[in-house]
Structures are given as structure tokens and as C-alpha cells.
Amino acid sequence: LEKQDVRVPKQRLLVVANRLPVSAIRKDDDSWGLEISVGGLVSALLGINEFEARWIGWAGVNVPDEVGQRSLTKALAEKRCIPVFLDEEIVHQYYNGYCNNILWPLFHYLGLPQEDRLATTRSFQSQFAAYKEANQMFADVVNAHYREGDVVWCHDYHLMFLPKCLKDYNRKMKVGWFLHTPFPSSEIHRTLPSRSELLRSVLAADLVGFHTYDYARHFVSACTRILGLEGTPDGVEDQGKLTRVAAFPIGIDSERFIRALELDVVKAHMKQLKERFAGRKVMLGVDRLDMIKGIPQKILAFEKFLEENPVWRDKVVLVQIAVPTRTDVPEYQKLSSQVHEIVGRINGRFGSLTAVPIHHLDRSLEFHELCALYAVTDVALVTSLRDGMNLVSYEFVACQASKKGVLILSEFAGAAQSLGAGAILVNPWNITEVASSIGYALTMPADEREKRHRHNFTHVSTHTSQEWAETFVSELNDTVVEAQLRIRQ
Ligand code: ADQ
């Protein structure tokens, strides 16, 4: 077998995402410190054995000098990572501007920025130009490393222009694109000034994937209504070329979480947490601090629950972890102050000298701490206003084998389609409904909890991130083969 493996090199998979799964920090002696972040995508690809994966993306650091670029490229090569160098202005216009200020809110149904229409239009144009320029820079790097037979998998809303740039270089390149956010209704997408150009460039891919069937359907509708193309059960057809469009729901590496619970370090964290919250039920929220996660709405629902149920006031605690992201975008700074203000008010109102009802942490937790927290939780609250999938809900379920806690889950998270039967589904905008669901979850009989948990646990442990990645990549391979066969016939 080993001999065979040597003689037949594995097919290469080029994974292109805005950020590499590595953070680079330049040291005083001009060498580089690299920190790997084991996110969902990394663990998903670790499980794919038949491909040899390479990463292409931005390392999250500005490296203006050639010497630095050369040494970083060399250091990253050992981690199978290839950097795309973006200067500060491009990052500001492309990443902070077009990606995070325009596409992200729009795809989550929060609309386009409206403050000052003229200024917005002008900055929109320059940000879109920077977006295209950045995507072209990614394409240049992919093209420079591409070898015949490689499969190229582009990720997310940052790189919607990339499939077209790649096909312009080489029509034979196998290109897939996957969106991690929702794709909104075509009525929302059509408000975007660059709506047609973006759709057309995504359609240049051979396979286009979404978390849910609904997002895929919205995308096909946008192509038929905005571009006037034909939607088929398999995707979108344009002048005889079919772009396959399908749902590929992501999962997690559930075994990694299940195994972690057996570690002494995690057990020690659990013991500490149990002592800390003795006599109280633990409710948990874990989110990036982002408008889409519905954190203020969640906390207001918890306040309403305490208001209406005085007996619970010293018997329950809400632990809300909200790690700040995109801190240089003003809306995110406003959200952070808003959350702090609401938490302060509620703790002032319902706290005592010895305990407060909400523990709010705005920092990232280390993996083992996070697992321990998931495991000691009685009720998890995932109340995203919109969310592509939401992996926190999956991670919570994976860590609940012994406790069998309850998941309250937004019907606007993609996860509602997979974990809906086991969770309590809520409309996160309806604070009264969320408050009464908290009461229901805290008093749910053990047999009902067990039944709901079993449903969700079976799903989470069988629909893993590895399976997700494998399915997408093998379908991408097959799609192209099919297309080539059609041409030959
Ligand atoms: P995110 O919006 O980042 O992802 P989510 O899917 O919940 O949302 O993933 C967050 C990840 O970050 C989880 O793995 C979680 O453990 C971790 N995390 C969050 N807060 C943390 C903290 N304080 N400390 C440590 N870890 C923390 C985007 C889309 C989602 C989609 C994913 C994957 O917005 O809808 O599910 O991509 O496609």
C-alpha cells in the first residue's frame, strides 16, 4: 500500500479562503511566529484522505517589504499554506468595506448601509473595485500554483468574484464555490448594485454549494429573476453550460469534542464550573459578537423571563460568551456598548451581593474550557437573527451525552433544519416567545430531554465536517467529469 501511495501521488486540493488557518506574527529578528487555528474547515479537511490539501489565503498581516514576504512564504510553506499579500488600503476597502459592511449584512437580511446615500454610493463603487482587485490577486496566486488535475475549492462571500477570474485563466480548472452564510431571498439580493456581476462570476464555477436547500433555491431564483437564466433541478443553465447548485450542510468533528470530555484538564474545568454555579441551572450563549447573532434580543428575553418568574431569580445563571470580532467597524463597537449596557442594567436589577444573573465574557475561550462549559450547561440559547448554519449548536449537542440538556434554537439558523426536531425552535425577534421557551426548557421532564437529545446527538455524530468536505469535493470531481463526458459525446 505504501509503495502504491508513493507511485500514485494524491490529487491536490487547493482550498482558497480569505484567511489562512494560521495567524502570523513577525518577530524582532524578522522570523515568523505561526499560530494554527483549528477551526471547522481545518478539521474537516484533515479528515479527507484521498486529497492532499493546500491552503491559499491572506495571513491577516500587512507585509509591505519583499524580504518579509519571502520569509513568510517560506515559513508558511511548511504548513502547506500559500499567502496572498494584501496591503492595508485593499484590506480596508475589500475586507472591512465590501465584505463586512455590504455583503455580510445584506446576506443576513440586515440591508445595505443607508446613512448618507451619496457617500454610500461613492464608497460602494470604490469598495467593489477593491473587492474585484483583491479577488484577482487571489486568482493570480491560485493560478501560479495550479497544476493540471488539481481541484480548487473557493470559500465564502469574500471570494464571489474568484470563480470567474480562475476560469478566465484556465477553463479546464475544476472550480467549486461554497457559501458559509445564508444566501438571501432574490428580493434582497436584487437591491445590491453589483448583483448581476457577482451572480455571473459565481456561475463560472462548476459546483456551487450552500448549507441548506433554501439558500440554494434562493440563489437559483436570483439567477432566473435577475439574469433571466434557466433554473433546472440540478442548478442553473446558461447557453448550454450547467452550473450545479446543491445543498451541502456542514457538520463538526464531533469525535474531537466527545474525546475532549474524557481529558483530566476538561474534567477539572467542569468541577470548577459546577462548584462556581452550585444550586443554579446554567444557561449558555457562545457567539462571536455580531449583529446577526441576536445577543441583545437574547439577553432581553432572559430579563423578561426573570421579571415574570421571580422564583427563578437566584436559581439560574446565563453565561454569555461574546468574543469581539471586526472591532474596527463602528457598528460592532456600538453593539459591544449596547450589550454591556443591557447586561449591567439586568445585573443591577436582579443581582444580589453574592451572585449576578448574567456572566458576560467578551473574550475567546480555549478549547478545553469551552468543552467543559458546554458539558455543564443545562440550556443552550442560540438565537441568531440569521445564521448560515451555526456550529455552536452542534458543539453543545456533542458535549451533552451525559447531561442531555436542552437546545433553544433560532428558526433562522441553518441548523434549525437539521436539529429542529430535537431543539425548541424560536423566533428570536419574539422576546415573549423566547422568554417562555426558557421556562419550558428549564422545567422539561427528563424523558423528553433525553428523546430530544438523542435525535440531535445522532445527527451531529453522523453528519460530520469530514463527511461534508468529502461529499463536496467528490461531487466537484464528478461534476466536471460529467461535463467533459457530455462534451465528448
Ligand atoms: P460563525 O459566524 O463564526 O461561522 P459558528 O458556526 O457558530 O459561527 O462558528 C463559530 C465557531 O467559533 C464555533 O466553532 C465556536 O466554538 C467558536 N467560538 C465562538 N465564540 C467563541 C469563544 N468565545 N471562544 C472560543 N470559541 C468560540 C460562519 C457562519 C456560520 C456557519 C460557519 C461554518 O456565520 O453560520 O455555521 O461559518 O460554515
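Predicted model: local features only at pLDDT ≥ 70, side-chain atom pairs only at ≥ 80, totals over all residues.

Colleague: Let's start with the open sheet of nine strands: what is the order of its strands?

Modeller: The order runs β5-β4-β1-β6-β7-β8-β11-β10-β9, and the pairing is mixed. From one strand to the next, the twist averages 20°.

Colleague: Why are β5 and β9 said to stand at the edges?

Modeller: Because β5 (81-83) and β9 (230-232) each have a single partner strand, one side of each is left without a neighbour in the sheet.

Colleague: How do you know that β4 and β5 pair?

Modeller: Pairing takes at least two bridges. Strand β4 (residues 51-58) and β5 have three, in the parallel sense, so they pass that cut-off. If you want a spot to look at, Ile 56 stands opposite Ile 82 in β5.

Colleague: And what makes β7 and β11 partners of β8?

Modeller: The bridges again. Strand β7 (residues 174-178) and β8 share three in the parallel sense, with Gly 176 opposite Leu 207 in β8. Between β8 and strand β11 (residues 241-247) there are four, also parallel, and Gly 209 faces Ala 246 in β11.

Colleague: Which way do the residues of β8 point, and are they buried or exposed?

Modeller: Leu 207 and Gly 209 point one way from β8 (residues 207-210), Val 208 and Phe 210 the other way, and all are buried.

Colleague: Why is Gln 69 called partly exposed?

Modeller: Buried needs 20 or more C-beta neighbours within 10 Å, and exposed means 12 or fewer. Gln 69 has 13 inside 10 Å, so it counts as partly exposed. Gln 69 belongs to helix α3 (residues 66-77). From C-alpha to C-alpha, Gln 69 and Pro 83 are 8.7 Å apart in space, though 14 residues apart in sequence.

Colleague: There's an open sheet of six strands too; what is its order, and which strands are at its edges?

Modeller: Its order is β14-β13-β12-β15-β16-β17, with parallel pairing. The edge strands are β14 (358-361) and β17 (424-426), since each pairs on one side only. Direction ignored, neighbouring strands here are turned by 20° against each other on average.

Colleague: What makes β12 and β15 a pair?

Modeller: β12 and strand β15 (residues 379-382) have two parallel bridges, and at least two are needed, so they qualify. Leu 284 stands opposite Ala 380 in β15.

Colleague: What surrounds the ligand?

Modeller: There are 19 residues around the ligand, the closest being His 180, Val 323, Gly 388, Met 389 and Leu 391. β12 (281-289), β13 (316-324) and α15 (391-398) each supply at least two residues of that shell. The shell divides into nine nonpolar, six polar and four charged residues.

Colleague: How do you know that the span of α18 is close to what's expected?

Modeller: Helix α18 (residues 446-462) has 17 residues and reaches 24 Å from its first C-alpha to its last, against 24 Å expected at 1.5 Å a residue.

Colleague: Which residues of α18 are buried, and what puts them on the same side?

Modeller: Arg 452, His 453, Asn 456 and Val 460 are the buried ones. They cover an arc of only 100° around the axis, so they sit on the same side of α18. On the face turned away from that buried side, you'll find the exposed residues Asp 447, Glu 450, Arg 454, Thr 458 and Thr 462.

Methods:
Residues numbered from 1 in each chain as written. Axes fitted to C-alpha atoms, helices over the stretch in contact; angles between N-to-C directions. Near = placed C-beta within 6 Å. Nonpolar A, V, L, I, M, F, W, Y, C, P; charged D, E, K, R; others polar. Expected span 1.5 Å × (residues − 1). Arc of directions from axis to C-beta.
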